[in-house]
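User: Hi! I'm new to protein structures, so could you walk me through this one?
Analyst: Happy to. Let's look at it together.
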Amino acid sequence: MNFQMNDKLLKILKKVYNKKKYEKDEKGYYREIDHGDVWDNERAVYIFSTENLKNEEKIFLEESSYPLNEVVHYTHDKIMDEMKGLIKSSSVTMDKVLQAYVAGMTSFPRGRQPILSYLYANQCKNHPYQGNTGNCENCSIKKEKYINVGDTLFSSYYGGSWNECVEMMLIDLKEFSQLDVPTPTEEDLVIFRKLIDVIRNAPQGETLGKLEQRIKSAKIFAKFNKYAVRGQVLTLAELGIMPNDFYPPMVDKLVDPVERMKLYEKIKGSPRSDIILPLAAWRGEHGINENRLKNYFEKYYVSGVTFPNR
């Protein structure tokens, strides 16, 4: 991958990947509109149209070498082998993904996903595909899958982050291994500290939904995007910094698919389908695990800022 992301390229890619796909009809019902993208049923991927771009934008995109509709085929065993190979190299380390995460508060949105990809790659045990359902019984990764590389990378550069879709994690890590991670800016550090303080001061019984409302009200982020912020706090949960009573963070252990379904039953109240574990199990009384916060992020606190006991 030899493209260089910049503001102009990202703006063009937004027009390609974030097209308007539905509109309301005269009765108020949403209906799909012709957006030009084509579903490849055989490979189960979208092929994205560029017909909505201006000619100069198409030329710029082509000359950028961005892998717009590059579709790759992966098998379960290849994913395992390549993931383990990446984290054994010096190009992807815990220090690098932690730095990227903090820079990802605002100045480097691309830095939000790699830490989750790294945690999975570090914890997964290399194993051959098991089962005959199409998904591995050990890890749930598909026996084989096609991936649109450009679509996956755009999600990362746009600031998305997730703890599922392992095939996409591999694409993320492979590209990230070639990047130089910027030093977090002062604004990144301020946002990070404010985010931690809001979580630390959560009232008893607060759910993630209520926490998100407080984060928005506190105006920590210049532009509040619920799902982007959810991904950022998901990382804190997977590091055990936002702890819970029963679900282990990915930094400690990978939970297999069968056990995960059983643990979902332990969530207090009516669990929301759009909030996944371990974040779904956090409540206000759990606050922040200060020891873990200090262990992973101490150097990103300014001189004189201490970690309170809790």
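Analyst: One term to start with: a nonpolar core is a set of buried Ala, Val, Leu, Ile, Met, Phe, Trp, Tyr and Cys residues joined through side-chain atoms within 4.5 Å. Also, keep in mind that this is a predicted model.
User: Ok! Which residues touch the most other members of the largest nonpolar core?
Analyst: Those are Tyr 66, Leu 239, Met 242 and Phe 297, in a core of 93 residues. In general, nonpolar side chains tend to be buried together in soluble globular proteins.
User: What does Met 242 touch?
Analyst: Leaving out residues up to four places away in sequence, its contacts include Ile 199, Leu 211, Trp 282 and Ile 288.
User: Switching topic: how many salt bridges are there?
Analyst: The structure holds 15. In one of them, the side chains of Arg 200 and Asp 197 meet at 2.5 Å, N to O.
User: Where do those two lie?
Analyst: Both are in helix α8, three residues apart, which is about one turn of the helix.
User: And is Arg 200 buried or exposed?
Analyst: Arg 200 counts as buried because its relative accessibility is 12%, under the 20% cut-off.
User: What about Glu 206, which residue does it pair with?
Analyst: Glu 206 forms a salt bridge with Arg 214, with the closest N and O atoms 2.7 Å apart. Glu 206 is buried, at 6% relative accessible area, while Arg 214 is partly exposed, at 26%.
User: Which residues are linked in a network of salt bridges?
Analyst: Lys 78, Glu 82 and Lys 174 are linked that way.

Note on methods:
Residues are numbered from 1 along each chain as its sequence is written. This is a predicted model: local features need pLDDT of at least 70, side-chain atom pairs count only at pLDDT 80 or more; totals for chains, interfaces and linings use all residues. Side-chain values use heavy atoms; hydrogens and water are left out. Buried means under 20% relative accessible area, exposed over 50%, partly exposed in between (1.4 Å probe, protein chains only). Contact means heavy atoms within 4.5 Å. A salt bridge is a side-chain nitrogen of Lys or Arg within 4 Å of a carboxyl oxygen of Asp or Glu. Helices (H or I, at least four residues) and strands (E, at least two) are DSSP runs, numbered from the N terminus.
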